[in-house]
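Colleague: Hi! Could you walk me through this one while I have it open?
Modeller: Happy to, let's take a look together.

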Amino acid sequence: SIARVIHDIDLYTAADGSALPEQYQLRPGYQLNIGGDWHFTKNFSLSSGLQFMHTAYKHTTSKVYGKDQVEFFDRLNWLNVPVMVKYSIHRGDYKPFFYFGYSTNFLLSNNATVVYEDVNSDPGNEGVDALTPATSPNLNLRYKRNIFNNGILIGAGFRKKVGLNYWFADVRYSFGVRNVIKENNQYADNSDPSNYRGSLAALIL
C-alpha cells in the first residue's frame, strides 16, 4: 500500500522566496483482508469484506536556512470496506480474475514524527560540518484529516487450487476521490497555538 501526494504545501522557503528542494519517498505498507464472493453467474460475482491497511511516506526538505534538513515521516492506518464486481475465468491451473469497485475508508490513526537536522560549520573539526539532529515526539495528526474517505479500486489476480483449498494472489490499485486533509487545517494558524499541538511548533519553528 502506498500514499499518493495530491497537493504540496511549502513550510519553508529560501531567502528570495523560492521553494526549497523537496522529495517524497514511499515507504512499505501492508494490508490484511477478510471477505467473500457471491456468484450471481458462472463468471461474475460480487465481492466484499473488511480490510485493514497501513500506508506511510517520508517527505524531505533540504537547504533549510542554508544547510539544515527536515524529514517528515507520516503513517496512516485505515479500516476499509470494499465492494467489487469480479469477473473470473475458470480455465487452466492458474485461474485469472479481474475486478473493479468502490471502497469506504475510515481513518483509524495518523501518527507522524519530524526529524530536524541542524547543520553548523565547525572550524575546529577540519571544516567538517557538525550535525545536530532533533526528533519530535510522536505527533497525532488525525484531527487534521477527514476521518471518512472513499475511493475507486481496480485489480487483477489469479487463484490456484492446492489440495482442497484455493490460494489467491492479486494486484490492486486504489485512488481516493476525496482529499484526506481537511481544507481548513492545511495551514498553521499562528494566532492559535493549539493548531500546532505543541511539539511540532517547538521543533520546526
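**Salt bridges and strand pairing**

Modeller: Let me start with D170: this residue counts as partly exposed, at 39% relative accessibility. Keep in mind that this is a predicted model.

Colleague: Thanks! Which side chain does D170 meet in a salt bridge?
Modeller: That of R172, at 3.8 Å from N to O. R172 is partly exposed too, with a relative accessibility of 29%.

Colleague: And how many salt bridges does the structure hold?
Modeller: Four. One of them joins D74 and R145, whose closest N and O atoms are 3.2 Å apart. D74 sits in strand β3 and R145 in the loop between β6 and β7, so the pair links distant parts of the chain, 71 residues apart.

Colleague: Is D74 buried or exposed?
Modeller: Buried, with a relative accessible area of 2%, and R145 is buried as well. Among the residues D74 touches are Y57, N110 and L141.

Colleague: What about K58, which residue does its side chain pair with in a salt bridge?
Modeller: With E71, at 3.8 Å from N to O. K58 and E71 are both buried.

Colleague: Switching topic: which strands does β7 pair with?
Modeller: β7 pairs with β4 in the antiparallel sense over twelve bridges. Twelve bridges also join β7 to β8, again antiparallel.

Colleague: And what stands opposite G155 in β8?
Modeller: R172, the residue from the salt bridge with D170. In the hairpin of β7 and β8, two residues lie between the strands, and G163 takes a positive phi near 70 degrees.

How values were computed:
Residues numbered from 1 in each chain as written. Predicted model: local features only at pLDDT ≥ 70, side-chain atom pairs only at ≥ 80, totals over all residues. Heavy atoms only, no water. Pairing = 2+ DSSP bridges. Helix = DSSP H or I, 4+ residues; strand = E, 2+ residues; numbered from the N terminus. Buried < 20%, exposed > 50% of the residue type's maximum accessible area, 1.4 Å probe, protein only. Contact = heavy atoms within 4.5 Å. Lists of a residue's contacts leave out its neighbours within four places in sequence.
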